[in-house]
Amino acid sequence: VVYTQSEILQREVYLFERLDSPSREPMKHLKAICFLRPTKENVELLVQELRRPKYSVYFIYFSNVISKSDVKALAEADEQEVVAEVQEFYGDYIAVNPHVFSLNLLGCCRGRSWEQAQLARTTQGLTALLLSLKKCPMIRYQLSSEPAKRLAECVKQVITKEYELFDFRRTEVPPLLLILDRSDDAITPLLNQWTYQAMVHELLGINNNRIDLSRVPGISKDLREVVLSAENDEFYANNMYLNFAEIGTNIKNLMEDFQRRKPKEQQKLESIADMKAFVENYPQFKKMSGTVSKHVTVVGELSRLVAERNLLEVSEVEQELACQNDHSSALQSVRRVLQSPRVSELDAARLVMLYALRYERHASSGLSALLEQLRGRGGTDRYRKLVSAVVEYGGKRARGSDLFGPKDAVAITKQFLKGLKGIENVYTQHQPLLQETLDQLIKGKLKDSQYPYLGPNTLRDRPQDIIVFLIGGATYEEALTVYNLNRSNPGVRIVLGGTTIHNTKR
């Protein structure tokens, strides 16, 4: 995710192996650099390796804090003295965007409590992040969430135990770690998306920056899996947060630019200078050609899916459910869409879930009729169960905050004006709850009664360095929110993390 194989090759690393692959040849002329998570299994594998070393020297880097007893076990196994150094090099998490990280954990809680192994893994990931960014933060957590409190306490324990590691130069305003729970906003991961990165994840799925295009009709062999990374793809970096309509225009410009630069087929390579120019320009041309064919394929497939699954109509109804408060109109809209044979079962179920989250306690709720309609479509009860599971997870009883709608007149007016201003794009009205939470945090208005500090100390000043972590997964829509907040609040730096990065299917 962070470093491409070609970049590693430039550092004269020519062989890539996994420590657990059984069929490695001994190559005594090579030095080995090992980069590992300090897990029990990895330490055990390394002990086996050092007893019968396959390479001449070993440089061992652990992505997190390693215990003294594990280091001792390695030292005892290293009878041939092949280990040159052992270091902790904190990177026990996946860096997704410059301001977003994930732990790639699916499903971290059973009901309302942590699974023990996942709690340990999340604590490790978060503390490694703090060490790599050199932050020793004050911690706030969402009071309504037991998992958020547990995680806050576990992170605090590590900071206390490893106080020497966390002894960084004090900043004027200490950094802040804010721990939130996904169940407070189950709406955001259920919505269709219309900005490039979020849309690709929603419709095609992004897995460690890789996109699987093998199901695209008539796809060529070299495009079955493509990498989308802002680090080394300029077009992607410039377009990840733009709306789909703008991306279409930009793809067209990219194509035209490419056509202009194409080496003329009948270009006469008469002089040595001609040949030299051709050879020098060819790598850039080839790289650009790769970028063009990749993005044209991805955007083409997104458009095909939008048309095939009738997503413009579906998305309009989703936004109405998420952002407006008109029950009878919403119910009619959902019924209408459920009748359309072009709408997939997933999209139909998603609308019923959104309806259930929004109007679960409405006096004239039409939920049971909608569930019947859903059942009539697919003839299965699978989605009915999912609807009730979603309500149990993120419904009114589970939420600590008010997900729908502001209480006071000022906020209502503001929302109304925002609605008028944003009417030209009905597909992107929704703003995640995180937007409001962070906005209040930056202004110093986030209530201690709902988001208490862990421990006696509180921040006197407005925070400048914020790490916000979502138990149960973040989304690319929230990544966009954080990106925009970073841009519009100079002097404030926000990093967003989650146990995973969700789309509806996840």
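Predicted model: local features only at pLDDT ≥ 70, side-chain atom pairs only at ≥ 80, totals over all residues.
Figure 1. Residues are numbered from 1 along each chain as its sequence is written, and side-chain values use heavy atoms, with hydrogens and water left out. Helix 16 (433-442) and strand 9 (176-181) each supply at least two lining residues; helices (H or I, at least four residues) and strands (E, at least two) are DSSP runs numbered from the N terminus. The volume of the largest cavity is about 90 Å³. A cavity is a set of points on a 1 Å grid over the protein atoms alone where a 1.4 Å probe fits but cannot get out, and lining residues have an atom within 4 Å of a point. Grid points are joined across faces, edges and corners, and a volume is the space filled by probe spheres set on them. Among the lining residues are Gln142, Arg182, Thr437 and Tyr451. By class, the lining has five nonpolar, two polar and five charged residues (Ala, Val, Leu, Ile, Met, Phe, Trp, Tyr, Cys and Pro count as nonpolar, Asp, Glu, Lys and Arg as charged, and the others, Gly among them, as polar).

Figure 2. Domain 2 (92-185 + 432-505) and domain 3 (196-309) both give residues to its lining, so it sits between them; domain bounds come from an automatic or database domain assignment. The second largest cavity holds about 70 Å³ of space. Helix 6 gives the most to its lining, with three residues. The lining includes Ala198, His201, Glu202, Tyr476 and His502. Sorted by class, it comes out at four nonpolar, six polar and two charged residues.

Figure 3. Of its 42 lining residues, the closest to the centre are Ile8, Ile33, Cys34, Phe35 and Leu36. Strand 1 gives the most to the lining, with six residues. Domain 1 (5-88) and domain 2 (92-185 + 432-505) each provide at least three lining residues. The class tally here is 25 nonpolar, six polar and 11 charged.

Technical notes: 1 Å grid on protein atoms, 1.4 Å probe; cavity = no way out; pocket = protein on both sides within 12 Å on 5 of 7 lines; lining within 4 Å.
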